[in-house]
Amino acid sequence: MYLGPPLGRSGIESLQSLALSTLGTALPESYLDFLSSHDGLVTEGVFLYSSIPRPYPGGGTAHALVEMNLLARDQGFMDGYVELGESDMDCYVFEFRTSLYQVRDKVAFDNVYEEFVSFDGLLSHILDLVEQHC
């Protein structure tokens, strides 16, 4: 398991600025609140993206939010969303049109499995999935 260190105010401001200039969108505040406590999470095949690529203690690197979103947008269907993380079968997104956090199918993106009004709801869902795999 990897749980990133807290992201300070200057790091949050840098990430928000990068998201605005690169992705053309502001990141949701509750996701930024999570990063201020834990800049990224990786466990049991679940990733919540960090602000920057952070090295894991045992090798490898955490996925960075902006870079992962640029890759996702190359697919041509991620406008209006920001991808916050993923698992082997799902992606975790924030949909700007509805202001909802969603669990969507990675392959059939139109399939929405769960929706939450807060990042905490999405995080709770993710932690429940992790507990099922342990």
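Two strands are taken to pair if DSSP finds at least two bridges between them, and the model to which this is applied is a predicted one.

Q: How many residues does the hairpin that joins β4 to β5 run through?
A: Strand β4, residues 81-86, pairs with β5 in the antiparallel sense over 5 bridges, and within this pairing tyrosine 81 stands opposite glutamate 95 of β5. The hairpin joining β4 to β5 runs through 3 residues.

Q: In what order do the 7 strands of the open sheet lie?
A: Strand β3, residues 46-48, pairs with β4 over 2 bridges in the antiparallel sense, with phenylalanine 47 having glutamate 86 of β4 as its bridge partner. The edge positions belong to β1 (2-3) and β7 (112-116), each of which pairs on one side only. The pairing in the open sheet is antiparallel, and the order of its strands is β1-β2-β3-β4-β5-β6-β7.

Q: Which residue of β6 stands opposite valine 93?
A: Strand β5 and strand β6, the latter spanning residues 100-105, pair in the antiparallel sense over 6 bridges. Within β5, valine 93 is buried on one side together with Cys91 and Glu95, while Asp90, Tyr92 and Phe94 are buried on the other. The residue of β6 that stands opposite valine 93 is glutamine 102.

Q: Which residue in the hairpin of β5 and β6 takes a positive phi?
A: Most residues other than glycine have a negative phi. The hairpin of β5 and β6 has 4 residues between the strands, and the loop there holds a residue that is partly exposed, with a relative accessible area of 43%. The residue with the positive phi, about 60° although it is not a glycine, is serine 99.

Q: What is the relative accessible area of glutamate 44?
A: Glutamate 44 lies in the loop between β2 (41-43) and β3, and it has a positive phi of about 50° although it is not a glycine. Glutamate 44 counts as partly exposed, and its relative accessible area is 44%.

Q: Within what arc do the buried residues of α4 fall, seen down its axis?
A: Helix α4, residues 119-133, reaches 21 Å from its first C-alpha to its last, and its buried residues are Phe119, Leu122, Leu123, His125, Ile126 and Val130. These buried residues line one face of the helix, whereas Asp120, Glu131 and Gln132 are exposed on the other side. The buried residues line that one face because, seen down the axis, they fall within an arc of 160°.

Q: Is the aromatic pair of phenylalanine 94 and phenylalanine 96 stacked or edge-to-face?
A: Phenylalanine 94 is buried at a relative accessible area of 9%, whereas phenylalanine 96 is partly exposed at 27%. The ring centres are 5.1 Å apart and the planes stand at 80°. Planes over 60 degrees apart count as edge-to-face, so the pair of phenylalanine 94 and phenylalanine 96 is edge-to-face.

Q: How many residues apart in sequence are the parts that the pair of tyrosine 101 and phenylalanine 119 ties together?
A: Tyrosine 101 and phenylalanine 119 form an edge-to-face pair, with 5.8 Å from centre to centre and 70° between the planes, and both residues are buried. Tyrosine 101 lies in strand β6 and phenylalanine 119 in helix α4, so the parts that the pair ties together are 18 residues apart in sequence.

Notes. Residues numbered from 1 in each chain as written. Predicted model: local features only at pLDDT ≥ 70, side-chain atom pairs only at ≥ 80, totals over all residues. Heavy atoms only, no water. Expected span 1.5 Å × (residues − 1). Buried < 20%, exposed > 50% of the residue type's maximum accessible area, 1.4 Å probe, protein only. Arc of directions from axis to C-beta. Phe/Tyr/Trp six-rings, centres within 6.5 Å; stacked < 30°, edge-to-face > 60°.
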